[in-house]
2 protein chains.
Amino acid sequence: MAKAITLLESTRPDHRAQADALLTGLLPRAGRSLRLGISGVPGVGKSTFIEALGLALLDQGHRVAVLAVDPSSSVSGGSILGDKTRMERLSMDPRAYIRPSPSSGTLGGVAEKTREAMLVCEAAGFDIVIVETVGVGQSETAVAGMTDMYCLLQLPNAGDDLQAIKKGVMELADLVVINKADLDDAAATRAQAQITSSLRLYGMHRRPAHDHRSPLGHAPGLAGVAGAGEAGSERGEHGEGAHRPFWEPRVMRMSALKGEGVDAFWRAVTEFQALQRANGAFEEKRQQQALAWMWERIQSGLKQQFKAAPAVRGALEDITARVLGGQLAASTAARELLAKFSGDRNPEDSKDQRHA
Amino acid sequence: MAKAITLLESTRPDHRAQADALLTGLLPRAGRSLRLGISGVPGVGKSTFIEALGLALLDQGHRVAVLAVDPSSSVSGGSILGDKTRMERLSMDPRAYIRPSPSSGTLGGVAEKTREAMLVCEAAGFDIVIVETVGVGQSETAVAGMTDMYCLLQLPNAGDDLQAIKKGVMELADLVVINKADLDDAAATRAQAQITSSLRLYGMHRRPAHDHRSPLGHAPGLAGVAGAGEAGSERGEHGEGAHRPFWEPRVMRMSALKGEGVDAFWRAVTEFQALQRANGAFEEKRQQQALAWMWERIQSGLKQQFKAAPAVRGALEDITARVLGGQLAASTAARELLAKFSGDRNPEDSKDQRHA
């Protein structure tokens, strides 16, 4: 399995072809796991939690894989390698598999490798895949976009500066866990209340018009219409949020070090999973994620091709400078560069267009 | 001016070339306005507010333009046309200019036209440009991405279903206004407290390491490092959030119908603007927005070229179906399609690569 993952992570073109053949071959046996995303800043107790959870799951007969998504391990303070050492019991158990983050550059590249490693783990019979991130850049969004359920670990001091919650991350969470709740009970209670209230405020778009849990029973109104429009938009291709709602995000307390709350966490996950499957949202989300991922990789590849095209390369710097200097409108600049790229593609067409 | 905007909105290729020449010509005289973004669901009292604000600003000697961004007027319930009728006094004043949303299809296209219309208004001497949206799809993000300051109007019933706040929108706000606060004083107070608390929770990434307003004086820690990394990332190209923080988002109460709170609103805007300029964030934000917009239009254009390329068009449907059916990994699918597109571009290169 490690060999397969190493092949997938290779950048050699001939390896890439083999890797694609391998992926296609193992795909029929992949997909049959619960994919659980877990984020939390360093110090939140993520590895302690994952080890406690993982060991409990092994006891229940599951096989557990833990993969990491962190584009720049230097930024994360080396905690990824540390994680593996710290998850000592879990990493030594043959029924578990732990793989640190691929070390290559961009988030898109790292996320791609992790997605592919996930498929390998599934084909190898792991029925629970935990994908974790310490939250560098947009990695939380990437993890939420490749998992069935996304959980965010928080410290009890929710009002403090150190509690870094980046834009939009909280709203991705299906479950927020206040870890180390035993350290400061009052702070944990405050954090729980504050986060619950925020999730309710921000999460309202998740409720469908026919949701019987809606406390006030309002008519769908314009909000519902706008939401429906959004699902089909270009920007809605992030593979998240378009499924029919079946779950209200929860905020739980935990002390992973003492083993308190880990069982309750797993019960919530199990409940989520059952509702998600009963509702049809499971299959829908997986399909949307796959499609979103395909388009995200296409966009990324197109940008690469664009930047590498000779006609663009020769003009990009100058045009960018003129946009920054206020001499060229951004939309005009985009059209000029696109015409150069398109002209590179089809010199004849482009000439015709100029004379039109 | 209306003629210029109509030219900019034309889709005829020869018009487009004239429009680009026009844009480039007027650019040196554009840019010298305050660009104010205002969002709010229908019923929040947006047009009453904009009329009250606009008339007050005319009295102070300003010239005010109001532009709208709403991709699908059918979804917005026709409120855009209604707005113009309802802003009766403002629309009849020769010192003001009100233009409803361009009616064309995608949000990207509508936003582009509005951005360009904004430049025309500025070159024509309007020193305050208000860009408004009723919040359809991702139009709030588009408006926040083209303005210097973004304000969100809310109703007092912040906890209710009708209060539709879509993901990430609240976090864009520099100022949240609880309008119609007189209708339910207790609810307005609750909403103000709740939104203030959420903004603080979600807005923490905005605080820089050296921000002396930081209440606890913490060291920057990993949060600061992660934030810095994000600013340079591909996804960070939305032109928002990378400037140095100088402002803590505020929540104000208002009753635009009674004219209460409109003065206080304008004082806050003036203060914001002074801080933003003193800090250097004004220029930085404008530049980032222009660059982000250029790349957003490039990405959109590349996707169009991609979808229109014969080799892609012939395979996209089948490959998409195989991804949805679980027979093809998303990343493999992306590579296959990109190779087809690239092969269309450079048939020889692509053949060579295949034999490598």
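A charge sits over a ring if NZ of Lys or CZ of Arg is within 6 Å of the ring centre and within 35 degrees of the ring normal. Keep that in mind for the first stop. The model on screen is predicted.

**Stop 1: charges over rings**

Select B:R277 and B:F282. B:R277 lies over the face of B:F282, 3.8 Å from the ring centre. Now select A:K307 together with B:W295. Here A:K307 sits over the face of B:W295, at 5.0 Å from the ring centre. Keep B:W295 displayed. The ring belongs to the next stop as well.

**Stop 2: the aromatic cluster**

Show the aromatic side chains of every chain. Over all chains there are 13 aromatic pairs. Take A:W295 and B:F306. Their ring centres are 5.8 Å apart and their planes stand at 80°, so this pair is edge-to-face. Colour the helices by chain. A:W295 is part of helix α11 (residues 281-308) of chain A, and B:F306 is part of helix α11 (residues 281-308) of chain B, so the pair joins two chains. Are these two residues buried or exposed? A:W295 has 8% relative accessibility and counts as buried. B:F306, at 0%, counts as buried too.

Move on to A:F341 and B:F341. The ring centres are 6.3 Å apart with planes at 35°, so the pair is tilted. A:F341 lies in helix α14 (residues 330-345) of chain A and B:F341 in helix α14 (residues 330-345) of chain B, so this pair also joins two chains. Relative accessibility is 0% for A:F341, which counts as buried. B:F341 is likewise buried, at 0%.

Now select A:W295, A:F306, A:F341, B:W295, B:F306 and B:F341 together. Ring pairs link these residues into a cluster.

**Stop 3: chain A as a whole**

Chain A has 15 helices and 7 strands. It holds 356 residues, and 54% of them count as buried. Look at contacts between residues at least 6 apart in sequence: 77% of them in chain A join residues at least 24 apart.

**Stop 4**

Return to cartoon and select the strands of chain A. In what order do the strands of the open sheet run? The order is β3-β2-β4-β1-β5-β6-β7 (chain A), 7 strands with parallel pairing. At the edges stand β3 (96-99) and β7 (250-253) of chain A, each with a single partner strand, so one side of each has no neighbour in the sheet. From one strand to the next, the twist averages 20°.

Strand β2 (residues 64-68) of chain A pairs with β3(A) in the parallel sense over 4 bridges. Pick A:V66; opposite this residue in β3(A) stands A:I98.

Cross to β6. Strand β5 (residues 149-154) of chain A and β6(A) pair in the parallel sense over 4 bridges. Click A:C151: its bridge partner in β6(A) is A:L175. β6(A) also pairs with β7(A), again in the parallel sense over 4 bridges. There A:V177 stands opposite A:M252 in β7(A).

Show the side chains of strand β6 (residues 175-178) of chain A. In a regular strand the side chains alternate between the two faces of the sheet. A:L175 and A:V177 point one way, A:V176 and A:I178 the other way, and all are buried.

**Stop 5: two loops**

Select A:D127, in the loop between α6 and β4 of chain A. A:D127 is partly exposed, with a relative accessible area of 26%. Leaving out residues up to four places away in sequence, A:D127 touches A:R32, A:S33, A:L34, A:H62 and A:R63. Draw a distance from A:D127 to A:R99. Their C-alpha atoms are separated by 16 Å, and the two residues are 28 apart along the chain.

Finish at A:K180, in the loop between β6 and α8 (185-202) of chain A. Most residues other than glycine have a negative phi. A:K180 is not a glycine, yet has a positive phi of about 55°. At 28% relative accessibility, A:K180 counts as partly exposed. Bring chain B back and select B:K180, in the loop between β6 (175-178) and α8 (185-202) of chain B. B:K180 has a positive phi of about 55°. B:K180 is partly exposed, with a relative accessible area of 28%.

Conventions: Residues are numbered from 1 along each chain as its sequence is written. Chains are lettered from A and ligands numbered from 1 in the order in which they are written. This is a predicted model: local features need pLDDT of at least 70, side-chain atom pairs count only at pLDDT 80 or more; totals for chains, interfaces and linings use all residues. Side-chain values use heavy atoms; hydrogens and water are left out. Rings of Phe, Tyr and Trp (its six-membered ring) pair if their centres lie within 6.5 Å; planes under 30 degrees apart count as stacked, over 60 as edge-to-face and the rest as tilted. Buried means under 20% relative accessible area, exposed over 50%, partly exposed in between (1.4 Å probe, protein chains only). Two strands pair if DSSP finds at least two bridges between them. Axes are lines fitted to C-alpha atoms, for helices over the stretch in contact, and angles run from 0 to 180 degrees between N-to-C directions. Contact means heavy atoms within 4.5 Å.
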